[in-house]
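Good morning, everyone, and thank you for making the time.

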Amino acid sequence: MKPIAITIGDPAGIGPEIIAKAYAQEPELTRGTFVVGDVECLRRGTRSVAGDAPPLPVAVIDDVVDVVDVPPRCIPLLQVGTPFTDLPTIGKVDAAAGRLAAEAVTWAARAALRGDIAALVTAPLHKEALAAAGVPFPGHTELLQAEAALHAGVAVEQMPVRMMLANEELRTVLVSIHVALRAALDAVTCERVLETLRITDRTLTRALGRRPKVAVAGLNPHAGEGGLFGREELDVIVPAMQAAESEGLDLHGPFAPDTVFMRARRGEFDVVVAMYHDQGLIPVKYLGVEKGVNVTLGLPLVRTSPDHGTAFDIAGTGKADASSLVEAIRMARGLAGVR
Ligand SMILES: NC(=O)C1=CN([C@@H]2O[C@H](COP(=O)(O)OP(=O)(O)OC[C@H]3O[C@@H](n4cnc5c(N)ncnc54)[C@H](O)[C@@H]3O)[C@@H](O)[C@H]2O)C=CC1
Ligand SMILES: NCC(=O)COP(=O)(O)O
């Protein structure tokens, strides 16, 4: 069984703490996993959550094959770069923290693409810190897409990926992610919607063992109300759906965005394709940031992540809930076929 890498995320945020909690609370689930990051940052996280108990020890490993030798109740860590001497200030945007977060994800992506690890689970990083470090990607999804394209020797456009957020009640896949809302409107093109439908259908057919019933959200209020409140449904979304239906996809809509998630939550559909980031993520996160998992669809590797961010407002307090990370590890195991 190949190990699963958990990237540390931004060390000024809750990443190290939720990782430490996941190892403390879920010894069985975390067996065969290891952290990619910085030893001193992870040790600080273990201290933040330990309370009166001794913090979990961290064992530095040189290679993924060494994970099996690390005793239970000890966190294996693979160091990337030089260990920190001055730790990043908790709760502050810091270029060095962003650099570590990016280096950890890049290392894990390459290891997954080489086939050295079964999956990667990414603790949250801060997008401003990533930018401050000069990383040319807004988030994990784009960085992983670029790494996968490089590995395959193709252009990034030939490696289309999509973000899915899922909890026990809802799944949503997004047509666009980290762009301004105005740019997101321009991204609602026939090609992007069709690509999103294809990726959603392909991935969920594999995961569910049957073709998913896909609801498509409109873009405009009331899905355009027959063209009265915008024409994207008629001119873009319906043609994309017709093209996908001719390939056999089981599609429904476009539906009014304000009620389609309620219907999916009742069990009418397996997944909702949302036209932009917040249309899809607000309903899922409103059900609880501790419940959702972010999965990147379309990659030649398994990547999951908690649905929440770095939570700078509570970082260092030990209050952060590790449930979403735990679910992300569980899902990564399932998707990678690791039992
Ligand atoms: N997977 C990733 O790397 C993600 C990264 N982010 C990034 O994180 C940064 C901060 O984003 P925000 O919008 O502030 O969202 P956030 O999710 O970090 O925080 C929003 C609110 O939820 C609370 N919260 C979040 N996670 C929690 C947990 N595990 N337990 C208890 N409370 C929790 C926070 O304390 C805060 O009040 C941004 O740079 C954003 O882009 C956001 C989402 C996912
Ligand atoms: N809102 C989810 C999010 O921003 C996570 O992005 P990514 O880092 O997974 O690409």
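Before I turn to the ligands, one term: a residue counts as near a molecule if its C-beta atom, placed from the backbone, lies within 6 Å of it. Please also keep in mind that what you see is a predicted model, with a mean pLDDT of 97 for the protein and 99% of its residues reaching 70 or more. The model scores are ipTM 0.99 and pTM 0.97.

With that term in hand, ligand 1 is surrounded by 21 residues, the closest being Pro124, His308, Gly309, Ala311 and Asp321. Sorted by class, the shell around ligand 1 holds 8 nonpolar, 8 polar and 5 charged residues. Around ligand 2 we find Gly139, His140, Thr141, Leu281, Asn294 and Ser305, and by class that shell is made of 1 nonpolar and 5 polar residues, with no charged ones.

Let me move on to the domains. The domain assignment of the protein gives domain 1, which covers 4-159 + 297-336, and domain 2, which covers 168-282. Their C-alpha centres lie 30 Å apart, and the contact takes 5 residues from domain 1 and 6 residues from domain 2. On the side of domain 1 that touches domain 2, there are 2 nonpolar and 3 polar residues, and no charged ones.

Now to the interior. In soluble globular proteins, nonpolar side chains tend to be buried together. Here the largest nonpolar core has 103 residues, of which Ile8, Ile19, Ala101, Val272 and Val273 touch the most other members. Helix H4, residues 95-114, supplies the largest share of this core, with 9 residues. Because domain 1 and domain 2 both give residues to this core, it lies between them. To take one of its members, isoleucine 19 touches Ile6, Ile8, Val35, Leu42, Gly45, Ala123 and Leu325, when residues up to four places away in sequence are left out.

Next, I would like to set two residues side by side. Valine 93 lies in the loop between strand E4, residues 75-79, and H4, and threonine 82 also has its place in the loop between E4 and H4. Which of them is buried, and which is exposed? A residue is buried if 20 or more other C-beta atoms lie within 10 Å of its own, and exposed if 12 or fewer do; valine 93 has 20 such neighbours and therefore counts as buried, whereas threonine 82 has 7 and so counts as exposed. Leaving out residues up to four places away in sequence, valine 93 touches His126, Glu128, Ala129 and Ala132. Histidine 126 is 33 residues from valine 93 in sequence, yet their C-alpha atoms are 7.5 Å apart in space. For threonine 82, the C-alpha atom is separated by 9.8 Å from that of valine 39, which is 43 residues away along the chain.

Finally, some details of the backbone. Glycine 253 and proline 254 are joined by a cis peptide bond, with omega about 0 degrees, and proline 254 sits in strand E9, residues 250-255. Arginine 73, in the loop between strand E3 (58-61) and E4, has a positive phi near 60 degrees although it is a residue other than glycine. Glutamate 225, in the loop between strand E8 (213-217) and helix H9 (232-245), likewise has a positive phi, of about 45 degrees. With 11 other C-beta atoms within 10 Å, arginine 73 is exposed, while glutamate 225, with 13, counts as partly exposed.

How values were computed:
Residues numbered from 1 in each chain as written. Chains lettered and ligands numbered in written order. Predicted model: local features only at pLDDT ≥ 70, side-chain atom pairs only at ≥ 80, totals over all residues. Nonpolar A, V, L, I, M, F, W, Y, C, P; charged D, E, K, R; others polar. Core = buried A, V, L, I, M, F, W, Y, C linked by C-beta atoms within 7 Å. Helix = DSSP H or I, 4+ residues; strand = E, 2+ residues; numbered from the N terminus. Domains from an automatic or database assignment. Contact = placed C-beta atoms within 7 Å. pLDDT = per-residue confidence, 0-100.
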